Structure formats: structure tokens, C-alpha cells
Amino acid sequence: MPATPPVTSVGAPVGTPAAIVEEERAQLDFSRSMSYGDYLHLDEVLGAQHPLSPAHDEMLFIVQHQTSELWMKLMLHELHAAIRCVAADDLSAAFKMLARVSRIMEQLVHAWDVLATMTPPEYQAIRPYLGPSSGFQSWQYRCIEFALGNKNPLMLKPHEHRPDLLATVQAAYAAPSLYDEALRLLARRGLAIPADCLLRDWTQRHVESETVEQAWLAVYRDPQRWFDLYQLGEELTDLEDAFRLWRFRHVSTVERVIGFKRGTGGTGGTSYLRKMLDVVLFPEIWGLRTRL
């Protein structure tokens, strides 16, 4: 007769999953303490998906965009902190934050891979239920673009119906961008930056400058002397590179799913997104590469 296998104090055979949990003394009773779900407010997060159509694939569409907004929330948290650090000459902290922003953008790039599993007929089944709603109206995305220097006053208008959101977007629109603070830093280090780049109307986009490119060229031609500024230039390059990939993957996915139909937000859809691919955020950092 085979021997009875040893059991734990709750009667679970040794080596089984139940026994392992017992041996690890994992906390299992949360009637009087905060649980994982409590900390993350998962009831609210997981209860925020409300499909309007009977289509199976609408859940994918909703979750894709909600998770992207969560990543953008973290991106703004890191970008705003990085801008403050650059303004305070704390580059070591800024580098960590900017590297994190670039990695977040990689997550957003791969998110389009999931949405691309939606076929044109599947999207057409939910499109009538979207009305005029569109990612074009994302206030967080707009704040990211403004923080990176792509200022456009027309992009305030989609938020006029929400004074609370409009105030947030206006604040981002009126603030110096990451690149503005980078150029102010170069000036503080003694590099020649035009005065109109240092004290100007921050609601206007930065205009490409030969003098600014010469300043960055000085940094890149002597990286040992200007190593932290050289590293800043490369962090900005990484950031824009990741942002370009995010925008390109967006264009590719939209074209794959809807072709060249107009977007629900009223733009030309793919045609509009293709034009946005040509926007350069940090022109002198890209231009100097030809001249090195």
C-alpha cells in the first residue's frame, strides 16, 4: 500500500501549489487591509469600458485607446519633470526621465500592433457608434506635442467645451518647451544662442536657426568638453526618433484599417497623419549631422 504523501497544516499535499502558497506565508485575508485592487482602484479602471455597439471588436478599440491615455499620463508626468530639471541644470535626473519617455513611446508604438489586428469590416461595424469622437481630440496628446515644441493655437479649440481641460492645455501651450529650456541651458553654459530664442513668445514654434545649429555643432565637435550637453542632444534625438516611430505606426495602422477615408474627427485621416510626419521638433540637432 503506497505511503500517504505528507501534507501541510491545512491539509495540502507538500509540493502542490496550495502548499507552496502556505509555505510562503502569503497574505490571503484583506478584509482589514489594502489589497492590490484597492491600491490601483481597479474597480474604476476595469469598469470604465462601455461598448456602444454589439460588435465583439469594440472592446479592443476601447482598451487600446484607454491604455494609450494611461501611458500618455505617465509620459506627461516625466516630461514636465524633465523640463524642470533641465531648467534647474539637473541633467542627470533629466536624462533618466527622458530615457523613460522614449521607452513609453516604444510601448505606444507596439500598442498599434494590437489594434492592427482589427480588420476593415470589424472597424466599420463600430465606426457609426463613435460619432465625431477621435484621438485627434486627446488633450493629453496635445500637451505632449506642446511640451515638445509643436505649438498650434488651433489645437486649443477642441477643448473649449471643457474649461478645466482648456486651462490645462493652455498652460502647456504658453509654457517653454523642452527644447526651449535646452537652448536656455546652452546659453547659460556660454554657447552663442540668439536672444530671440531665450526671451520670446513661448506660444510660437521654434524657428530653425543657423546660430543655434552652430552652438550644437560646437558641442558635438568636442563631446569631452561638453559631455552632458552632448548627452542631452542624444537624449533629444532618441526622443524625437521614438516619437516619429509612434506617429508613423499610427499612420500605417489607420491606413490599414480605414484606407483613405476621412477620420471621425473631421480630418483627412491618413492624409492628415502623413503631413504630420514631416514636422521636425529639434531641427538643429538633426541638421548638424550632415555637417559633422
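Met34 is exposed, with a relative accessible area of 56%. Exposed means over 50% relative accessible area, buried means under 20%, and partly exposed is in between, with a 1.4 Å probe and protein chains only. Met34 sits in the loop between α1 (17–23) and α2 (36–40). Helices here are DSSP runs of H or I with at least four residues, numbered from the N terminus.

This is a predicted model: local features need pLDDT of at least 70, side-chain atom pairs count only at pLDDT 80 or more, and totals for chains, interfaces and linings use all residues. Residues are numbered from 1 along each chain as its sequence is written, and side-chain values use heavy atoms, with hydrogens and water left out.

Together with Tyr36, Tyr39 and Leu40 it forms a nonpolar patch, with about 520 Å² of accessible area in total. Such a patch takes residues with over 30% relative accessible area and no salt bridge; nonpolar side chains (Val, Leu, Ile, Met, Phe, Trp, Tyr) are joined within 5 Å, and like charges within 9 Å. The areas come from the Shrake-Rupley method with a 1.4 Å probe, and for residues only the protein chains shown count as cover.

Now go inside. The largest nonpolar core has 74 residues, of which Leu79, Leu148, Trp216 and Trp246 touch the most other members. Helix α5 (residues 91–115) gives the largest share of this core, 12 residues. A nonpolar core is a set of buried Ala, Val, Leu, Ile, Met, Phe, Trp, Tyr and Cys residues joined through side-chain atoms within 4.5 Å. What does Leu79 touch, not counting residues up to four places away in sequence? The list is Leu98, Val101, Ile144, Ala147, Leu148, Leu178 and Leu239. Contact means heavy atoms within 4.5 Å.

Next come the charged pairs. The structure holds 15 salt bridges. Each is a side-chain nitrogen of Lys or Arg within 4 Å of a carboxyl oxygen of Asp or Glu. One of them joins Arg100 to Glu78, with the closest N and O atoms 3.0 Å apart. Arg100 lies in helix α5 and Glu78 in helix α4 (residues 58–87), so the pair ties together parts that are 22 residues apart in sequence. Arg100 is partly exposed at 35% relative accessibility. Glu78 is buried at 7%.

Another salt bridge pairs Arg200 with Asp180, at 2.6 Å between the closest N and O atoms. This pair also links distant parts of the chain, 20 residues apart: Arg200 is in the loop between α10 (195–198) and α11 (210–221), and Asp180 is in helix α9 (residues 178–188). Is Asp180 buried or exposed? Asp180 is buried, with a relative accessible area of 2%. Arg200 counts as partly exposed, at 21%.

Leaving aside neighbours within four places in sequence, Asp180 is in contact with Arg200 and Trp202.

Lys157 and Glu160 also meet through their side chains in a salt bridge (3.7 Å, N to O). Glu160 is partly exposed, with a relative accessible area of 47%.

Finish at helix α14 (residues 283–291). Pro283, Glu284, Ile285 and Leu288 are buried there. Their cover includes α9, α11 and α12 (227–258).

Terms used
Helices (H or I, at least four residues) and strands (E, at least two) are DSSP runs, numbered from the N terminus.
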